[in-house]
Protein chains: 2
Amino acid sequence: MKLEVQIKMNASLYLRDPEQSELGKNIIKFSIELIHKHGFEAFTFKKLAEAIGTTEAGVYRYFENKHKLLVYIISWYWGWLEFQIGYQTKNVTNPVSKLKKVITILATTVEDDIMTGHVDESILHQILISEGSKAYLTKQVSQDNKQEYFKPYKELCNTVGGIILECNSKYKYPHSLASTIIEVAHLQNFFMNNLPSLTDFSKSKNEDQIITFLNDLVFSSIEK
Amino acid sequence: MKLEVQIKMNASLYLRDPEQSELGKNIIKFSIELIHKHGFEAFTFKKLAEAIGTTEAGVYRYFENKHKLLVYIISWYWGWLEFQIGYQTKNVTNPVSKLKKVITILATTVEDDIMTGHVDESILHQILISEGSKAYLTKQVSQDNKQEYFKPYKELCNTVGGIILECNSKYKYPHSLASTIIEVAHLQNFFMNNLPSLTDFSKSKNEDQIITFLNDLVFSSIEK
DNA sequence: TATTTATGATAGTAATACTATTATTTAAAA
DNA sequence: TTTTAAATAATAGTATTACTATCATAAATA
């Protein structure tokens, strides 16, 4: 028997559920590949269709436009991360250890999870670093928010915020600190690899240094 | 006599220097307006030309494409901020006061600076919040970096990093903390206004709360 | 077996992101 | 002042993007 993790997705992100067909799964799989390879700006439904071996119209039957497809992919990742955090910290009782574990998960390029067939999480993590903020840095952010497109991200922030409060119930900014951890983990990773002088990690380009930096930042604030 | 602050720009960002003609100045002025109003994705040279009252080809004589124009505008802002920080902290000897002042400048919507004729800095600040990261979150980031497109941003980070070291010469991550302050100031502002549950500033939507959060974060880390 | 449903193949449109050409105006040099 | 150069305006044209629409066919389901 093959175990599969299913992330429940917001149905208004798609026209036809991509999990329910081979073509749908290929749309997700090749989108991740192409966005990673060429970047979101250069990514088009035509190129995607060619890569899959279908037609543009075929892709449009699943997703209205590439923005919704990006939001779908990113939401999926947040959902998967939420699951990972729950799973990997389920036996950790000490909140400080738990938060450290969470920071490590957020700042580390994960290995491909065999439980999610057509999705390569390590590539997805890279996409999140370079393209993640483009999901919400748009003029339609409020409409998208009303449609609950960012619910998985918010839930993750809420989970992390909860763990922060477990560490120190008097800390005043659990949500802001949670979103800061997530975003800074990605930003410092991007800077380290592309604009290294904006970081102090230039030499080794090692993700562990980002984790150390974040741990220092976070625990100084909440243990003060 | 009218005093004018001139920010020296990287000449490879443009084909013809926009500071040197009325049309050029209008390109900058209306770009800022249009990008702010409709967002960078919906911004085109055709719409810009119409707004100015010139033709598309006219705009292309100044800028190769809209990406370079965005980088130009954003670089200008970093250069202007660097000047502001130098100017507004020149008599502050206490490094902690200086860093607090810098955090306030970075996290506050500035008033329109009358010394820079055709540029409205308060709108530029808004553009930086929503569009700033799109300047570097591209596949060409390394080439752009080689051309020194991000020099003003790096210099600003370096300046802020220097002030951090003045506060505590043993602090290990001055550059990362500097880039974190700048980016988090913008991100938390965007979240506060658009995705408030990712922050703890939902009620009043006041920038002062972001400053308080950043001060807490920064000084906990460096004074530890 | 009939019929719904998904896919494939093809066409077409408006907008975007440019490049090129020529005419006209403006400003600087002779 | 005239000549010449440089900047701009007006127009046209191309390839690509971001879609929508139509119709035929294959596969799944009733």
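Predicted model: local features only at pLDDT ≥ 70, side-chain atom pairs only at ≥ 80, totals over all residues.
**View 1. A polar side-chain atom of A:Glu56 lies 3.2 Å from a base nitrogen of DNA strand D.**

**View 2. The surroundings of DNA strand D are made up of 16 residues.** The closest of these residues are A:Tyr60, A:Asn65, B:Arg16, B:Thr54 and B:Tyr62. Of the atoms of DNA strand D that come within 4 Å of the protein, sugar and phosphate account for 56%. Helix H3 of chain A, residues 56-60, gives the most to this surface, with 3 residues. Sorted by class, the surface near DNA strand D has 6 charged, 5 polar and 5 nonpolar residues.

**View 3. Chain A and chain B meet in a contact that takes 49 residues from chain A and 49 residues from chain B.** Between them the two chains bury about 4100 Å², and 61% of this area is on carbon and sulfur atoms. The interface has 16 residue pairs in polar contact, counted where both residues are at pLDDT 80 or more, whereas the count of salt bridges between the two chains is 0.

**View 4. On the side of chain A that touches chain B, helix H9 of chain A gives the largest share, 13 residues.** The elements that give two or more residues to this side include helix H1 (22-38), helix H8 (151-167) and helix H10 (207-222) of chain A. By class, the residues on this side of chain A divide into 21 nonpolar, 18 polar and 10 charged.

Technical notes
Residues numbered from 1 in each chain as written. Chains lettered and ligands numbered in written order. Heavy atoms only, no water. Near = heavy atom within 4 Å. Polar contact = N/O pair within 3.5 Å; in protein donor to acceptor, adjacent residues only side chain to side chain. Helix = DSSP H or I, 4+ residues; strand = E, 2+ residues; numbered from the N terminus. Nonpolar A, V, L, I, M, F, W, Y, C, P; charged D, E, K, R; others polar. Contact = heavy atoms within 4.5 Å. Buried area = accessible area lost by both parts, 1.4 Å probe. Salt bridge = Lys/Arg side-chain N within 4 Å of Asp/Glu carboxyl O.
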